[in-house]
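Hi everyone, thanks for coming.

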Amino acid sequence: MPEKSKDKTPLTYRGAGVDIDAGNALVRAIGPLAANTGRVGLIGGIGGFGGLFDLRACGFKDPLLVAATDGVGTKLKLAIETGKHDRIGIDLVAMNVNDIVVQGAEPLFFLDYFACGKLDVGVAARVIAGVAEGCREAGAALIGGETAEMPGLYAPGDYDVAGFAVGAVERPELLPRQDLAAGDVVLALPSAGVHANGFSLVRRVVEQAGLGWNEDAPFSPGKTLGAALLTPTRIYVRQILETIRTTGAVKALAHITGGGLTENVPRVLPEALAAEIDKGSFRLPPVFEWLQSEAKLSDEEMLRTFNCGIGMVVMVGSAEAETVAARLREAGERPWHLGRIVHRKGGDGVRFSGSLAGKRHA
């Protein structure tokens, strides 16, 4: 048996690597950020054992709750390696609230989880400032979260984040609707870049190309590679909800995340229907052209791995398509006609036509 230590020096939690005072300092720093995300329905603020929210105060009569949880994948590693922590929190909110709005739901509140080996209050505060910015854009209240300091579990300087969002929708307004039919129109809304999916491959491509994060981005003049790739995921909540409520014509929505168009569009379609997508209706944005060329990826692999410039898909009846597109344009979007809904033949929920080398959308 190993010899017992005769050193009886008292141990402390701080000595074991967990600094309660640093955690308290972070809570104080977060307080004003969370307060700036306040909205109707919020009860109290952060600091309690749980966050409170009043659905009745929001005017819901027969609501269904919609919940989502997600992270930002290995895009987080890029934020850590470049020291650019300020906007990764926007990605975190976007990945959750965009999943909620596709069901017709209004995001109500958000909670975050921040885990590290040793808490750097400055870094954590910058990350959560981004979370608060994303919450304000989405109209969701930041009502709480968890900071976990776990020595020995994370390498020095590393951290992880996760997000949790809850929204509500009136029961009759839940999406997708049951009246999706062949002949319906598929509209696309542009992404801001890679968003927060596919970064394990992106990082591999950058490594293979022999580039550093501080070098010029081959696809974005005037920006470093790290800054260009860290462009945050777009949040589509306000423009989508406005369009749903003012037109009453949106039948289904799909958030284009991991799995690309190939995997995400069929998630909202009944088994008898498929989406026929015209690759010639858009051109790959420069970041995706570079990735495809550098990694020698096929169109099939691109469309299944990345959003390829499409962050959200909107499905509407053909008679209402222009009305919906016009409303989206009024809300600041740039929609285009991506394809149509057809009867499904075989197991594929998406059929592609044309080539990714087609003309760029307006």
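I'll talk about a pocket, then a helix, and then the nonpolar cores.

One thing to keep in mind as you look: this is a predicted model.

Let's start with the second largest pocket, which holds about 360 Å³ of space. Its lining is made of 23 residues, and the closest to the pocket's centre are Ala192, Gly193, Pro285, Pro286 and Val287. What is the lining like by class? There are 12 nonpolar, 7 polar and 4 charged residues. Two helices, H6 at 225–229 and H9 at 286–295, each supply at least two residues of that lining.

Let's stay with H9 for a moment. Which of its residues are buried? They are Val287, Phe288, Trp290, Leu291 and Gln292. Covering those buried residues we find, among others, helix H5 (199–209), H6 and helix H10 (299–305). And if you follow the chain past the end of H9, you reach lysine 296, which has a positive phi, near 55°.

Now for the cores. The largest nonpolar core has 105 residues, and those touching the most other members are Tyr159, Leu229, Val265, Val313, Met315 and Leu338. Take valine 313 as an example: setting aside neighbours within four places in sequence, valine 313 is in contact with Val186, Leu187, Ala252, Leu253, Ala254, Ile256, Leu261, Val265 and Leu338. There is also a second, separate core of 8 residues, including Phe53, Leu108, Phe109 and Ala168.

That's my tour, and I'm happy to go back to any part of it. Thank you!

Definitions and conventions. Residues are numbered from 1 along each chain as its sequence is written. This is a predicted model: local features need pLDDT of at least 70, side-chain atom pairs count only at pLDDT 80 or more; totals for chains, interfaces and linings use all residues. Side-chain values use heavy atoms; hydrogens and water are left out. On a 1 Å grid over the protein atoms alone, a cavity is a set of points where a 1.4 Å probe fits but cannot get out, and a pocket is an open set with protein on both sides within 12 Å along at least five of seven lines; lining residues have an atom within 4 Å of a point. Grid points are joined across faces, edges and corners, and a volume is the space filled by probe spheres set on the points. Helices (H or I, at least four residues) and strands (E, at least two) are DSSP runs, numbered from the N terminus. Ala, Val, Leu, Ile, Met, Phe, Trp, Tyr, Cys and Pro count as nonpolar, Asp, Glu, Lys and Arg as charged, and the others, Gly among them, as polar. A nonpolar core is a set of buried Ala, Val, Leu, Ile, Met, Phe, Trp, Tyr and Cys residues joined through side-chain atoms within 4.5 Å. Buried means under 20% relative accessible area, exposed over 50%, partly exposed in between (1.4 Å probe, protein chains only). Contact means heavy atoms within 4.5 Å.
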